[in-house]
Amino acid sequence: MPRRAPTPRAKRRATSRASKREEAKLRQDLERLALLSPGGSPDHPIDVESPTQVDVRAETMPCPLCGGHLGLEEHAAKTIGKERLRVARCRCLECGEKREIYFRLVPALDS
Ligand SMILES: [Zn+2]
């Protein structure tokens, strides 16, 4: 007796399980990528000339996972080694992903 083909319902379940796994993997990849991108970690902060630029830059950066808008939750000053860094703690308004973006204050050349 030939094996019965899976019912459409069983098939749908299997596909959604597979795509959940894919999605989780994709998120992991994107998170890793975000850490390596400018501002993603204290090792490679984004240079800004004044603290006010931090807020502006942070809020115009897209969410690394879904491309949605980031809302700034906290803007903190941090000193790591000799560097004066600013950390913008953001949360994606679309998917809720939290992200910390690092900035370094550098004096303006013309001032
Ligand atoms: Zn998002």
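**Overall dimensions and fold**

Author: The model is a predicted one. A compact globule of 111 residues would have a radius of gyration near 13 Å, whereas the chain has 21 Å. Along its principal axes, the C-alpha trace spans about 85 × 25 × 20 Å.

Reader: In what order do the elements of the chain run from the N terminus on?

Author: The chain has two helices and four strands. From the N terminus on, they are arranged as α-β-α-β-β-β.

Reader: Which strands stand at the edges of the sheet?

Author: The four strands form an open sheet of mixed pairing, in the order β1-β4-β3-β2. An edge strand has a single partner, so one of its sides is left without a neighbour in the sheet; the strands in this position are β1 (46-48) and β2 (70-80).

Reader: Over how many bridges do β2 and β3 pair, and in which sense?

Author: Within this pair, Lys78 stands opposite Leu85 in β3. Strand β3 comprises residues 83-92, and its pairing with β2 is antiparallel, over 10 bridges.

Reader: At what angle does helix α2 run to β2?

Author: Helix α2 comprises residues 51-60 and lies across β1, β2, β3 and β4 (98-105). Its angle to β2 is about 140°.

Reader: How many residues make up the largest nonpolar core?

Author: Helix α2 and strands β3 and β4 each supply at least two residues of this core. Among its members are Val54, Ala58, Ala88, Ile101 and Phe103, and Ala88 is in contact with Val54, Ala58, Ile101 and Phe103, among others. The core has 11 residues in all.

Notes
Residues are numbered from 1 along each chain as its sequence is written. This is a predicted model: local features need pLDDT of at least 70, side-chain atom pairs count only at pLDDT 80 or more; totals for chains, interfaces and linings use all residues. Two strands pair if DSSP finds at least two bridges between them. Two residues are in contact if their C-beta atoms, placed from the backbone, lie within 7 Å. Axes are lines fitted to C-alpha atoms, for helices over the stretch in contact, and angles run from 0 to 180 degrees between N-to-C directions. A nonpolar core is a set of buried Ala, Val, Leu, Ile, Met, Phe, Trp, Tyr and Cys residues joined through C-beta atoms within 7 Å. A residue is buried if 20 or more other C-beta atoms lie within 10 Å of its own, exposed if 12 or fewer, and partly exposed in between; C-beta atoms are placed from the backbone. The radius of gyration is taken over C-alpha atoms; the globule rule is 2.2 Å times the number of residues to the power 0.38. Lists of a residue's contacts leave out its neighbours within four places in sequence.
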